[in-house]
Amino acid sequence: MMTYIGSLIGCLGTAAAGIGCAMTLGEIRLKRLGTKISLGGCIAGLAGVIFMAAQYPAYENSANVGKIKPEFPAGAYVFIGLYILCAALCIVYLLKTPKAAKGTKFAMASKYQLFLLMLPFIVLIFLFSYLPLWGWRYGFFDYTPGSELTMDKFVGFKWFTYLFENSATRSDILRVLRNTLAMSGLGLLTSWLPMAFAIFLSEIRNNHVRRVIQTVTTIPNFISWVLVYTFAFALFSTEGFINTFLINAGITSESIDFLMSSDHIWLKMLAWNLWKGLGWSAIIYIAGISGIDQQLYEAATIDGAGRFRKMWHITLPGLMPTFFVMLLLAIAGILSNGMDQYLVFKNATNKAAIEVLDLYVYNLGLGAGGSGGLSQIPLSTVVSMVKSLVSVVLLFGANRVSKAIRGESIV
């Protein structure tokens with residue numbers, strides 16, 4: 001409990017120090033206030049780390065010392081040094097910075113406000129997109145869970161060559177690539193549906209009806225795939241609503257196992273994906289429609305254009321730049337179908353046709369695919385690395401084609 005309290009104080013102090021640093025981008029009065037908050041946060045963080053360190057003698061005298069060897073983390077010294085350095089800099093800055101004149105407001109330049117609005121997203125992108133790249137090092141070692149990455153386990157490009165030399169692995173890769181490209185291709189072929197849905201939705205004159213439709217079609221995006229499968233099971237299982245209705249209506253004499261069957265599984269996954277994401281994907285196009293100059297519609301009305309003419313000649317051309325940007329991003333992510341949807345719908349019957357690359361990497365490293373040997377983790381890392389590199393190549397390739405054909409690019 002004492003360690004928990006100390007870590008909580010340290011986290012709150014670190015957060016306060018970060019907020020104070022952001023405030024120092026403002027004018028003189030806001031700078032001084034931010035520096036004081038940072039100083040207080042550093043002191044609180046330092047106190048939290050010291051408070052946690054003081055608990056280790058109690059651990060050493062614990063009855064469980066024979067089972068758990070207490071070891072003071074070396075990283076704590078790094079935090080202590082950073083807190084002391086930051087606190088010293090805050091004190092020096094406060095002593096050198098003149099006090100603000102009376103009546104000075106807490107102000108900040110707009111460019112810094114925009115930067116701070118963008119900063120949380122930059123941090124999230126770093127944490128979830130760039131920091132995980134440090135895990136790529138596992139692809140160059142004979143790694144097993146629980147062991148350390150020492151140089152005696154370094155194998156270089158062994159797993160890269162194994163990926164293409166082993167016939168069983170090569171066959172699996174070709175199979176999951178076929179599934180991945182097929183489902184991604186269907187997604188690309190239907191990528192215009194959110195734009196069409198947004199155009200027709202914007203043509204509904206009754207605001208209440210339009211909002212209801214938009215809300216109903218957007219809500220499924222916030223439902224997890226586990227709950228979507230639960231809904232699908234209630235409808236399409238052998239004892240679900242659809243089979244019960246078909247049997248009671250005399251249309252069929254026995255239940256049809258829709259979920260276990262692998263027939264048309266790609267189209268089934270496409271249908272569920274459209275049901276879940278159509279309304280959400282249309283939001284960006286709805287925003288684009290609102291940005292189209294209304295004078296164009298007024299001029300078209302004067303010239304005698306009907307609703308469909310205005311949709312075809314004004315709304316659609318106005319949304320094409322947005323559509324091509326989304327299409328380029330979809331092409332770049334053609335190997336990234338996600339994993340959740342296919343994991344919950346997968347079973348022994350449809351596994352061969354539903355397993356995509358992301359799900360294959362998961363099964364190879366952490367799921368049943370890795371149960372035969374713990375060394376599958378480096379192989380799954382290699383597959384993930386190759387997928388990421390191919391996605392980058394596809395992005396730049398599609399961007400170059402777009403620049404050559406349309407004269408516009410996103411990179």
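Q: What makes residues 370-375 a stretch to treat with caution?
A: The pLDDT (the predictor's confidence in each residue, from 0 to 100) stays under 50 over residues 370-375. Where pLDDT is low, the predicted coordinates should not be read in detail. The model has eight contacts for this stretch beyond four places in sequence, a contact being heavy atoms within 4.5 Å. This is a predicted model, in which local features need pLDDT of at least 70, side-chain atom pairs count only at pLDDT 80 or more, and totals for chains, interfaces and linings use all residues. Residues are numbered from 1 along each chain as its sequence is written, and side-chain values use heavy atoms, with hydrogens and water left out.

Q: What is the average pLDDT of the protein, and what percentage of the residues score at least 70?
A: The average is 86, and 93% of the residues score at least 70.

Q: Why is Thr 35 called buried?
A: Buried means under 20% relative accessible area, exposed over 50%, and partly exposed in between, with a 1.4 Å probe and protein chains only. Thr 35 has 3% relative accessibility, so it counts as buried. Thr 35 is found in helix H2, residues 28-53; helices (H or I, at least four residues) and strands (E, at least two) are DSSP runs, numbered from the N terminus. Beyond its neighbours within four places in sequence, Thr 35 is in contact with Gly 20, Thr 24, Cys 90, Tyr 93 and Leu 94.

Q: How do you know whether Met 183 is buried or exposed?
A: Its relative accessibility is 7%, and therefore Met 183 counts as buried. Met 183 is placed in helix H7. Among the residues that Met 183 touches, not counting those up to four places away in sequence, are Trp 266, Met 269, Tyr 342 and Val 356. From Met 183 to Ile 289, 106 residues apart in sequence, the C-alpha to C-alpha distance is 29 Å.

Q: What defines the largest pocket, and which residues lie nearest its centre?
A: On a 1 Å grid over the protein atoms alone, a cavity is a set of points where a 1.4 Å probe fits but cannot get out, whereas a pocket is an open set with protein on both sides within 12 Å along at least five of seven lines. Lining residues have an atom within 4 Å of a point. The largest pocket is lined by 36 residues, and nearest its centre lie Gly 187, Leu 188, Asn 273, Ser 281 and Ala 330. The largest pocket holds about 1000 Å³ of space; grid points are joined across faces, edges and corners, and the volume is the space filled by probe spheres set on the points.

Q: Which helix gives the most to the lining of the largest pocket?
A: H12 does, with ten residues. The helices that each supply at least two lining residues include H7 (167-189), H12 (265-281) and H15 (307-332).

Q: How do the residues of this lining divide into nonpolar, polar and charged?
A: They comprise 21 nonpolar, 13 polar and two charged residues. Ala, Val, Leu, Ile, Met, Phe, Trp, Tyr, Cys and Pro count as nonpolar, Asp, Glu, Lys and Arg as charged, and the others, Gly among them, as polar.

Q: How many aromatic pairs does a search of the whole structure find?
A: The search finds 18 aromatic pairs.

Q: Why is the pair of Trp 225 and Phe 345 called edge-to-face?
A: Rings of Phe, Tyr and Trp (its six-membered ring) pair if their centres lie within 6.5 Å; planes under 30 degrees apart count as stacked, over 60 as edge-to-face and the rest as tilted. The ring centres of Trp 225 and Phe 345 are 6.5 Å apart and their planes stand at 75°, so the pair is edge-to-face. Trp 225 lies in helix H10 (residues 225-236) and Phe 345 in helix H16, so the pair ties together parts 120 residues apart in sequence. Both Trp 225 and Phe 345 are buried.

Q: What makes Phe 231 and Trp 272 an edge-to-face pair?
A: Their ring centres are 6.3 Å apart and their planes are at 85°, so the pair is edge-to-face. This pair links Phe 231 in helix H10 with Trp 272 in helix H12, 41 residues apart. Phe 231 counts as partly exposed because its relative accessibility is 40%, whereas Trp 272, at 12%, counts as buried.

Q: Why is His 264 called exposed?
A: Its relative accessible area is 62%, so His 264 is exposed. His 264 is found in the loop between H11 and H12, and its phi is near 55°, a positive value in a residue other than glycine.
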